[in-house]
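This report goes through one structure, beginning with a sheet and ending with single residues. Please keep the sequence and the 3D view at hand while reading.

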Amino acid sequence: MAFTVALPLSPALAEQHNKPELAALTFKMAGDELRSRIVVMFDREPNVETHLLERPHRLIVDLPEASFGFDKESLEPRGLISEVRYGLIAQKRSRLILNAKGPFRVEKLEVVKNESSAGYRMVIDIVASSDREFAQLLADQKVTTSSLPSEKDGESPAISDTLGSSHQFTVMIDPGHGGIDSGAESTSGTLEKNVTLAFGRELRDELMKNKNINVLLTREDDTFLRLGERVRLARQHETDLFISLHADTIRHKDIRGATVYTLSDKASDDVAKAMAERENNSDASAGIYSEEAPVVHDILMELTQRETHSFSLNFADGLVKSLQGEVNLINNPHRFAGFQVLRAPDVPSVLVEIGYLSNKDDEKLLKDATWRKRAVERISHAVDKYYTLRNNVQAQP
C-alpha cells in the first residue's frame, strides 16, 4: 500500500498550462494528536501527488506551480501537525510539507469541487499510527516507486531492516501531570506531579524484572505533556497496556485508598465524574485548548474499541484483586468515567488513583518507600498475569 497519489487529469486540468499559476487560497487544520484534518482551498482543480518521509515524519504534497495566500495564524501547530512549510520546489512545481509529531497514516486524501462556491478543496485526514506501521508504509512506497534492479517479486531488500524484529509486549506507564501542570497539591505542599513520577519510575523498575515485557514512560522528568500526546505515544509504540498514575485531591478528606478507573461515557458515581472532569481539564489548566477532532464512524473501529475495552476491564479486575489485602482500597475500587487519557481505541488502558493527597494518611503512605515498594509489586504482579492472559489469547487459533 503506497501513499504516492496521482489524481487523474480532468479536461479542466488539460488547459491548466495556458492559465496563470494555481492559487492556494486558504489553509485550515483541525483535530488533536490522534486524528487531524487539513483542508486547502484552491481557485481551480490541482494535480496532486503525495509521498511520505521520515526523520521527521512528513507528508509531502506536490502541486503545480502555485501562489500561496495562507494566513500565518492558520499555519500554527495544531493536532498531529507540528510544522507547515510551502513554496516553489522546482520549475513549475510547488510543494506543501506537513511535519507530524510522530508516525501517522493518511486515512483519506481527496480533491473535490466546492458545492456552494467557486474552486476546489483538498481534504487530508491523517491518523496517529505506530512506528511499525509507518515503516511498512515507507517500505511499500519504496517498492512502488523504486526501479532498483535488486527488487524482485514486489519485495524491497530494505523491508526487513526497516521493520526490525517482532513486537515485544509493551507496557506504558503514564505519570500524570508534569511541568507547568502540577496537578493536585496537599495542604503540606506535596505536588501530584512529583508523586506520580516517583511512583512511575519505581513501577517501571519493578516491571523490567520480567524480561518478556518492554516498559516505557510517557515522561521521565518534570515535563508537560498534553493528554492527547500521552495517548499518541501509546499508539506510536503499539502499547499493549497503558497505566496512567494519579494522586488527586477531593472535597471529602476522609475518603482514601487506591482506585482503578476504566473508560466509560457515563461515570459510575459523582466522585468519578468530578475526577474525570478535573483530569480532562489538565490541558486547559496549562493554557492549551484543543479543537474537536473529526468524527469517524467505522464498524471496524467500533469492534476494535469493544475488544480493547474488554481487555481494559479484565486488567482492572485483576489489578483490584492483586491489590486487595495488600494496599488499602476505596469502597467499590473499580470505577469508570470519561477520561480522555484512556481513549486510545486500540490500547487497553486504566487510570490508577494510587491514593488521595487530600487525605493525610494516604499522603503519608505515598511518601513512604516501604509502602510504595509493596504497591508497585502488587501492580507488577497484576501486569504479569495480564501478560500471560494476552499471550494465551494470541496463541489461540
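Why is E15 largely enclosed by the rest of the structure? In this predicted model, five of the five residues of E15 are buried, so the strand is largely enclosed. The burial applies to both of its faces: Ser349, Leu351 and Glu353 are buried on one side, and Val350 and Val352 are buried on the other. In a regular strand the side chains alternate between the two faces of the sheet.

**The open sheet**

E15 belongs to an open sheet of six strands, ordered E11-E10-E12-E15-E13-E14, with mixed pairing. Strand E11 (214-217) and strand E14 (329-337) are the edge strands, each pairing on one side only. On average, neighbouring strands of this sheet are turned by 20° against each other, direction ignored.

Strands of a sheet pair through backbone hydrogen bonds, either parallel or antiparallel. Here E15 takes part in pairings of both senses: with E12 in the parallel sense, and with E13 in the antiparallel sense. The E12 pairing has five bridges, and Ser244 stands opposite Leu351 of E15. Three bridges join E13 (residues 258-263) to E15 (residues 349-353), and Val260 has Val352 in E15 as its bridge partner.

**Helices**

Helix H5 (residues 227-236) packs on the sheet, where it touches strand E10 (170-175) and strand E12 (241-246). The direction of H5 makes about 165° with that of E10. Helix H6 (residues 270-280) lies across E12, E13, E14 and E15, and runs at about 60° to E14.

What span should the 16 residues of helix H4 (residues 192-207) have? At 1.5 Å a residue they should span 22 Å, and the end C-alpha atoms of H4 are 22 Å apart, which agrees. Buried residues of H4 include Glu192, Lys193, Val195, Leu197, Phe199 and Leu203.

**Nonpolar cores**

The largest nonpolar core has 56 residues; those touching the most other members are Phe27, Ile38, Val40, Leu96, Leu98, Met122 and Ile124. E9 supplies the largest share of this core, five residues. Apart from that core lies another of 37 residues, among them Ile173, Leu241, Leu245 and Leu323.

Leaving aside neighbours within four places in sequence, Ile124 is in contact with residues including Ile38, Leu59, Val61, Leu98, Val106 and Leu109. Ser36, Arg37 and Lys108 are also among the contacts of Ile124.

Asp125 is placed in strand E9 (residues 120-128), and a polar contact of 2.6 Å joins its side chain to that of Arg37.

Arg44 sits in the loop between strand E2 (35-42) and strand E3 (49-53). Arg44 and Leu22 are 22 residues apart in sequence, with a C-alpha to C-alpha distance of 7.0 Å.

The table gives the accessibility of both residues.

| Residue | Relative accessibility | Class |
|---|---|---|
| Asp125 | 5% | buried |
| Arg44 | 14% | buried |

Asp125 counts as buried because its relative accessibility is 5%, and Arg44 counts as buried because its value is 14%; the cut-off for buried is under 20%.

How values were computed. Residues numbered from 1 in each chain as written. Predicted model: local features only at pLDDT ≥ 70, side-chain atom pairs only at ≥ 80, totals over all residues. Heavy atoms only, no water. Helix = DSSP H or I, 4+ residues; strand = E, 2+ residues; numbered from the N terminus. Buried < 20%, exposed > 50% of the residue type's maximum accessible area, 1.4 Å probe, protein only. Polar contact = N/O pair within 3.5 Å; in protein donor to acceptor, adjacent residues only side chain to side chain. Expected span 1.5 Å × (residues − 1). Pairing = 2+ DSSP bridges. Axes fitted to C-alpha atoms, helices over the stretch in contact; angles between N-to-C directions. Contact = heavy atoms within 4.5 Å. Core = buried A, V, L, I, M, F, W, Y, C linked by side-chain atoms within 4.5 Å.
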